[in-house]
Amino acid sequence: MTSNTTQQDAAVADKAILAEHAYADERHLAARQSIYRWQQPRYDLPAIVAEELAAVTGTVVDVGCGNGTFLNHLRTHRPDLHLVGLDLSAGILTHLPPPVLVADAQTLPLADHSVDAVLALHMLYHVSDIPATITELARVLRPGGLLIASTNGDTDKHELDQLWSTAAGHILGLLEGPTRVSLSSRFSLEKAPGYLAEAFTGIRVRHLPGTITLTDPAPITAHLASYEAWAHLSDVPFHQTIHHATDLATTAIETQGAFTITCHGGILTCHTPGTTPPAQAR
Ligand SMILES: C[S@@+](CC[C@H](N)C(=O)[O-])C[C@H]1O[C@@H](n2cnc3c(N)ncnc32)[C@H](O)[C@@H]1O
């Protein structure tokens, strides 16, 4: 993982960039999700989240639900739950069945202690005030309520970061070009427990390491292109860099048989302090 400049960090959490560009529809998110098809071992993330929710009844809110990967799975496998999707972007919610809300995780339109579990999956690195958002998630959860968060580790997909810097360097005539924007570094797997500990107890981190092996550069091209919303911060012509990175990846595949990417994702679970029975039992 590369480390961002202050300007890049601000842009990763810029609501206009997120809602109107990066997640205006599901195109870029889907490109990043689809690269995991080539990962070993494969993790069924929606099934893992459903497993973590096994003891939960009542209302579950998916904050930053995106294109509904997790909601769709839960609607099928946990029809007993009252599921609510919420996202900053109206566009990405277009194809999701109700109830879905367009709202900011930093000011949830939900009553205190009204929710049994909250999902915040690969989204807390996008909020500008991470501690305040974590306090907000705790506010809407009942005492003893469950939060499931997910993010990536500091070294996740570092081969793609290196590929970008090398390609950018060639274009600019430098030994090493500028690094690409990092999305998850603001709330990485390493930083997340410290943030969550301010409002939650019993934090567990489940590491999900893996290796993506590609014999076709197309998923790399699509992954790099999915950062288009932040292209203006790349200090190098964006599309030209992607084109050159694709050429470099193609050469690596031809000479080494494959382009491999090391992944380090993870899921965190924790609870609000106190215990009360789940909403349905009250
Ligand atoms: C990387 S996607 C993750 C989507 C989904 N949770 C998943 O894991 O597949 C991040 C999502 O969070 C949403 N998001 C970003 N900032 C947000 C905020 N302040 N409030 C609500 N949603 C936000 C984005 O619009 C986007 O849909």
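**Terms and ground rules**

I count as helices the DSSP runs of H or I with at least four residues and as strands the DSSP runs of E with at least two, both numbered from the N terminus. I number residues from 1 along each chain as its sequence is written. I am working with a predicted model, in which local features need pLDDT of at least 70, side-chain atom pairs count only at pLDDT 80 or more, and totals for chains, interfaces and linings use all residues.

I looked up the strand order and found eight strands in an open sheet, in the order 1-7-8-6-5-2-3-4, with mixed pairing; two strands pair if DSSP finds at least two bridges between them. Strand 1 (39-40) and strand 4 (100-102) stand at the edges with a single partner strand each, so one side of each has no neighbour in the sheet. I note as background that strands of a sheet pair through backbone hydrogen bonds, either parallel or antiparallel.

How many residues of strand 5 (residues 115-121) are buried? I find seven of the seven buried, so strand 5 is largely enclosed by the rest of the structure; buried means 20 or more other C-beta atoms within 10 Å of the residue's own, exposed means 12 or fewer, partly exposed lies in between, and C-beta atoms are placed from the backbone.

On one side, strand 5 runs parallel to strand 2 (residues 59-63), to which three bridges join it, and Val61 stands opposite Val118. Strand 5 also runs parallel to strand 6 (residues 141-152), this time with six bridges; I noted Val115 opposite Leu141 and Leu119 with Ile148 as its bridge partner.

**Helix 6 between the strands**

I followed the chain from strand 5 through helix 6 (residues 130-140) to strand 6, and these three make a right-handed β-α-β unit; right-handed means that, with the strands pointing away from the viewer, the path from the first strand over the helix to the second runs clockwise. In helix 6 I list Ile130, Thr133, Ile134, Glu136, Leu137, Ala138 and Val140 as buried. An α-helix has 3.6 residues a turn, so residues three or four places apart point the same way. The buried residues of helix 6 pack against strand 2, strand 5, strand 6 and helix 8, with contact taken as C-beta atoms, placed from the backbone, within 7 Å of each other.

Helix 8 (residues 192-196) holds Gly194, which I find exposed, with 10 other C-beta atoms within 10 Å. The C-alpha atoms of Gly194 and Pro131 are separated by 9.9 Å, although these residues are 63 residues apart along the chain.

**The annotated span and the ligand**

I checked the record, and UniProt, in an unreviewed entry, places the feature "domain: Methyltransferase type" at residues 61-148; such annotations may be inferred rather than shown by experiment, feature names are shortened, and the positions follow the numbering used here. In the model, residues 61-148 are 23% helix and 31% strand, and the end C-alpha atoms of this span lie 10 Å apart.

Which residues come nearest to the ligand? I find Tyr23, Gly64, Gly66, Ala105 and His126, out of 20 residues around the ligand, where a residue is near if its C-beta atom, placed from the backbone, lies within 6 Å. The shell around the ligand divides into eleven nonpolar, seven polar and two charged residues; Ala, Val, Leu, Ile, Met, Phe, Trp, Tyr, Cys and Pro count as nonpolar, Asp, Glu, Lys and Arg as charged, and the others, Gly among them, as polar.

**Backbone notes**

Most residues other than glycine have a negative phi, and most peptide bonds are trans. I found a cis peptide bond between Gln40 and Pro41, with omega about -10°, and Pro41 has its place in the loop between strand 1 and helix 4 (45-52). Another cis peptide bond joins Pro98 and Pro99, with omega about 0°, and Pro99 is in the loop between strand 3 (82-87) and strand 4.

His113, in the loop between strand 4 and strand 5, has a positive phi near 55° and is partly exposed, with 17 other C-beta atoms within 10 Å. Asp235, in the loop between helix 9 (218-225) and helix 10 (238-256), has a positive phi of about 60° and is partly exposed, with 14 other C-beta atoms within 10 Å.

Conventions:
Contact = placed C-beta atoms within 7 Å.
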